[in-house]
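Hi,

Here is the structure I said I would pass along. Have a look at it, and then read on for what turned up.

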Amino acid sequence: MNDLIAGDEGIDPRTMLGDFETSLWLPRFREGQWGEWSLRMLPATAARGYWGRGYRTTGAVMLMGPFAGNAAAWMSIVPMEIESQEIGIAAAHGHTVVLGLGMGWCAANVACNPAVERVTVVERDADVIALVAALGVFDQLPAVARAKIEVVRDDALRWRPGERVDSLQADIWARFVTPRKWDDLRRMQDNIGAATIYFWGQELELWRLACRAQGRVPPAFDGAELSALVASTGLPLIIDGRPDYALRIAEAARWWTPQEDGWWNAE
Ligand SMILES: C[S@@+](CC[C@H](N)C(=O)[O-])C[C@H]1O[C@@H](n2cnc3c(N)ncnc32)[C@H](O)[C@@H]1O
């Protein structure tokens with residue numbers, strides 16, 4: 001059963017984000033335990049954003065769950081998580097499939113995008129679905145956004161839609177840099193055939209390909225190299241239209257990829 005620790009009204013995570021600002025939607029959360037999954041409020045005096053900037057914060061709401069025989073953080077409301085999902089949220093349109101429910105934050109923000117007509121969320125874990133429902137994450141949305149969302153319990157690597165998917169937002173991983181992420185994506189896309197794709201940490205995985213191509217950390221990285229790498233994947237990846245995307249990828253990689261030489265070769 002749910003064991004809610006904080007008050008019924010919950011906590012607005014924006015109050016913990018300090019000097020980090022976002023226009024994206026944030027629900028209130030409460031602490032609790034659902035099977036092997038829990039939501040916790042943790043103190044955190046600083047946080048690094050995805051693009052490398054440091055922020056002063058006071059805390060974070062964190063989703064902990066089972067991972068490789070231990071409990072691990074799967075999602076938290078921190079600058080890095082918000083910045084690393086906002087390109088996909090902004091580009092979502094039509095019928096959007098979100099793979100991985102987590103705290104429901106990404107799916108909720110996809111539903112808030114007026115270009116999105118419907119959101120199908122695929123999640124394999126019943127306790128995750130139960131916790132998002134118990135917290136009323138989607139019930140806090142404006143009614144027009146709430147009405148767009150359907151949650152399906154299934155394996156994102158096997159699930160097939162019954163209809164056209166205009167955009168796919170994939171986030172089923174607990175770790176940014178995950179061996180075989182490209183293989184996972186190809187399996188998803190073989191089943192789903194989405195017109196456009198954005199996945200969590202795609203910038204770091206494109207950086208992996210850049211490192212592989214050069215056999216080292218590239219000393220420079222520009223838009224032409226980025227476009228060539230994206231084309232080489234054969235996947236319809238959403239590419240941020242701002243001219244400094246390649247530079248920002250290189251900066252994100254400095255903070256969020258492993259330091260060991262040759263990490264990019266791990267399979
Ligand atoms: C990192 S969290 C998603 C966080 C989410 N983007 C958010 O905004 O809160 C990953 C989620 O994917 C789910 N997941 C992992 N592997 C899966 C699979 N094969 N099929 C479906 N869901 C999966 C996990 O249970 C977890 O809920």
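To start, which residue in E8 is the bridge partner of Val97? That would be Thr120. Keep in mind as you read that this is a predicted model.

Now for the strands around that pair. E8 covers residues 116-123 and is mostly covered, with 6 of its 8 residues buried. On one pairing, E8 runs parallel to strand E7 (residues 94-99), and 6 bridges join the two. E8 also pairs with strand E9 (residues 149-153), again in parallel, this time through 5 bridges.

Together with E7 and E8, helix H3 (residues 105-112) makes a β-α-β unit, and its hand is right-handed.

The other thing I wanted to show you is a pair of helices. Helix H7 (residues 202-214) and helix H9 (residues 245-256) have axes that come within 9 Å and cross at roughly 95 degrees. Angles of 65 to 115 degrees count as roughly perpendicular, so H7 is roughly perpendicular to H9. Which residues meet there? From H7 they are Glu203, Leu204, Leu206 and Trp207, and on the H9 side Ile249, Ala252, Ala253 and Trp256. Sorted by class, the contact of H7 with H9 has 7 nonpolar residues, 1 charged residue and no polar ones.

That's what I have for now.

Cheers

Note on methods: Residues numbered from 1 in each chain as written. Predicted model: local features only at pLDDT ≥ 70, side-chain atom pairs only at ≥ 80, totals over all residues. Buried ≥ 20, exposed ≤ 12 C-beta atoms within 10 Å, placed from the backbone. Helix = DSSP H or I, 4+ residues; strand = E, 2+ residues; numbered from the N terminus. Pairing = 2+ DSSP bridges. Right-handed = clockwise from strand over helix to strand, strands pointing away. Axes fitted to C-alpha atoms, helices over the stretch in contact; angles between N-to-C directions. Parallel < 35°, antiparallel > 145°, perpendicular 65-115°, else oblique. Contact = placed C-beta atoms within 7 Å. Nonpolar A, V, L, I, M, F, W, Y, C, P; charged D, E, K, R; others polar.
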